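Here is a set of questions and answers for reading one structure alongside its sequence.

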Amino acid sequence: MNGRTRSQERILQVMQELTKPTSAQDLYMELRNHQFSIGLATVYRSLDALKLSGLVQVRTLPSGESLYSLPQEDRHHLTCLRCGSSISIDECPVHDLEHELQAHHEFRIYYHTLEFFGLCPNCQAREEVAAGAVE
Ligand SMILES: [Zn+2]
Ligand SMILES: [Zn+2]
């Protein structure tokens, strides 16, 4: 099955213009701004279908919110567990590994995710101040 529905086409079209990963809700609003009246349930259903065919990738935040983006965007993040801020890393550390795995396991890899979690410099400083106060 490679036939895409009109909703899927429109979602992809709108996503191409977006510069950062977007939640389904925001995508729904964006579609409305483009005069594409697609119901929220259809947006979710279409995103799910696009995800299964590797045309869209999903990143789930610690808050549980899912952000969708086009898979060409091979970007990774350092995410702070305390304040939720995320810093993107410019280069992909597993690019070669992906090709190797694909060849070795004859697995068609659509995309990968790699994310690092911890404390940002601000939160580390705050933690040190808090620890100092206890003593
Ligand atoms: Zn932080
Ligand atoms: Zn990567």
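Buried means under 20% relative accessible area, exposed over 50%, and partly exposed in between, with a 1.4 Å probe and protein chains only. This is a predicted model in which local features need pLDDT of at least 70 and side-chain atom pairs count only at pLDDT 80 or more, while totals for chains, interfaces and linings use all residues. Residues are numbered from 1 along each chain as its sequence is written, chains are lettered from A and ligands numbered from 1 in the order in which they are written, and side-chain values use heavy atoms, with hydrogens and water left out.

Q: Which geometry does the site of the zinc ion (ligand 1) have?
A: Donors are N, O and S atoms within 2.8 Å of the metal (3.2 Å for Na, K and Ca), and sites may look incomplete because water is not among the atoms. The SG atoms of Cys80, Cys83, Cys120 and Cys123 are the protein donors, lying 2.3 Å from the zinc ion. Four donors count as tetrahedral if all angles lie between 85 and 135 degrees. The angles among the 4 donor atoms here are 103 to 115°, and the site is tetrahedral.

Q: What spacing do the donors of the zinc ion (ligand 1) follow along the chain, and how many residues apart in sequence are the parts that Cys80 and Cys123 tie together?
A: The donor spacing is C-x2-C-x36-C-x2-C. Helices (H or I, at least four residues) and strands (E, at least two) are DSSP runs, numbered from the N terminus. Because Cys80 lies in strand E4 (residues 76–80) and Cys123 in helix H5 (residues 121–134), the pair ties together parts whose separation in sequence is 43 residues.

Q: Is Cys80 buried or exposed?
A: The relative accessible area of Cys80 is 3%. Cys123, another zinc donor, has a value of 1% and is buried. With its own 3%, Cys80 is likewise classed as buried.

Q: Where is Pro71 found, and which residues does Pro71 touch?
A: Pro71 is in the loop between E3 and E4, and at 19% relative accessibility it counts as buried. Contact means heavy atoms within 4.5 Å. Not counting residues up to four places away in sequence, Pro71 touches Gly54, Leu55, Val56, Gln57 and Tyr111.

Q: What is the phi of Gln35?
A: Gln35 sits in the loop between helix H2 (24–33) and helix H3 (40–52), and at 69% relative accessibility it counts as exposed. Although Gln35 is a residue other than glycine, its phi is positive, near 65°.

Key: Four donors count as tetrahedral if all angles lie between 85 and 135 degrees; four count as square planar and six as octahedral if opposite donors are over 155 degrees apart and all others between 65 and 115; anything else is irregular.
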